[in-house]
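Here is a short briefing for a reader new to this structure. Please look over the sequence and the model before reading on.

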Amino acid sequence: MDDQDVIATLKILIIGESSVGKSSLLLRFTDDTFDPEQSATIGVDFKVKTITVDGNKTKLAIWDTAGQERFRTLTPSYYRGAQGVILVYDVTNKKSFQKLEAWLSELETFSTKHDIVKMLVGNKIDVDMREVSRDEGLKFARKHHMLFIESSAKTKEGVQCAFEELVEKIIQTPGLWETDQRGMNLKGQGQGQGGCSYCVV
């Protein structure tokens, strides 16, 4: 892969309860695949993908962390240095939504960047058993100053946009990444992607 034009390498985390679809979102984004029998992540999974947002070529190092309690001791070190986080809940599982506060508290405790960009993703909107409304998700995101989108790893809806909008917001916050990657020019900063149904809060 040619990294000559890459303006930044960003560390992105995916966090949330077990079985909300974190790994499925990651695989849909990086490999465009979906496995309904996807097994639970043990510890941490890791993927790299290069994307172009607003004309800026950016390499993403994406860390998919396990949601199970017994693996939580493995995760704190992975928060360090992250510029963005995708916090996932399952719209068909109210408990996964109620646990978001605890995940944000952990993020605040272990994150080394106070202005880390946060994206809240309500996943599994393809399943006709909704327990969390879009308005509830939006209200939570606004309360905690997060980006917000609903998605389906199965149908692809919202997946690409979730990552692109997160990266765009990080690029628009130079203090998050430019200290170690000076001398790189931004193109088209703040133009927006268009065509994505998401909320900036």
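Contact here means heavy atoms within 4.5 Å. This is a predicted model: local features need pLDDT of at least 70, side-chain atom pairs count only at pLDDT 80 or more, and totals for chains, interfaces and linings use all residues. Residues are numbered from 1 along each chain as its sequence is written, and side-chain values use heavy atoms, with hydrogens and water left out.

**Confidence**
- Where pLDDT is low, the predicted coordinates should not be read in detail.

**Arginine 28**
- Arginine 28 sits in helix H1, residues 22–31. Helices (H or I, at least four residues) and strands (E, at least two) are DSSP runs, numbered from the N terminus.
- Arginine 28 counts as buried because its relative accessibility is 11%. Buried means under 20% relative accessible area, exposed over 50%, and partly exposed in between (1.4 Å probe, protein chains only).
- Its side chain makes a polar contact of 2.9 Å with the side chain of aspartate 32. Such a contact is a pair of N or O atoms within 3.5 Å; within protein, one must be able to donate a hydrogen and the other to accept it, and residues adjacent in sequence count only if both atoms are side-chain atoms.
- Leaving aside neighbours within four places in sequence, arginine 28 is in contact with Thr33, Phe34, Ala153, Lys154, Lys156 and Val159.
- Lysine 156 is 128 residues from arginine 28 in sequence, but their C-alpha atoms are 6.9 Å apart.

**Asparagine 123**
- Asparagine 123 belongs to strand E5, residues 117–123.
- At 2% relative accessibility, asparagine 123 is buried.
- Its side chain reaches the backbone oxygen of valine 20 at 3.0 Å.

**Helix H5**
- Within H5 (residues 134–143), Gly137, Leu138, Phe140 and Ala141 are buried.
- Down the axis of H5, these buried residues fall within an arc of 160°, so they line one face of the helix. The arc is that of the directions from the helix axis to the C-beta atoms.
- The face turned away from the buried side of H5 carries the exposed Asp135, Lys139, Arg142 and Lys143.
- Histidine 145 follows H5 and has a positive phi, near 55°.
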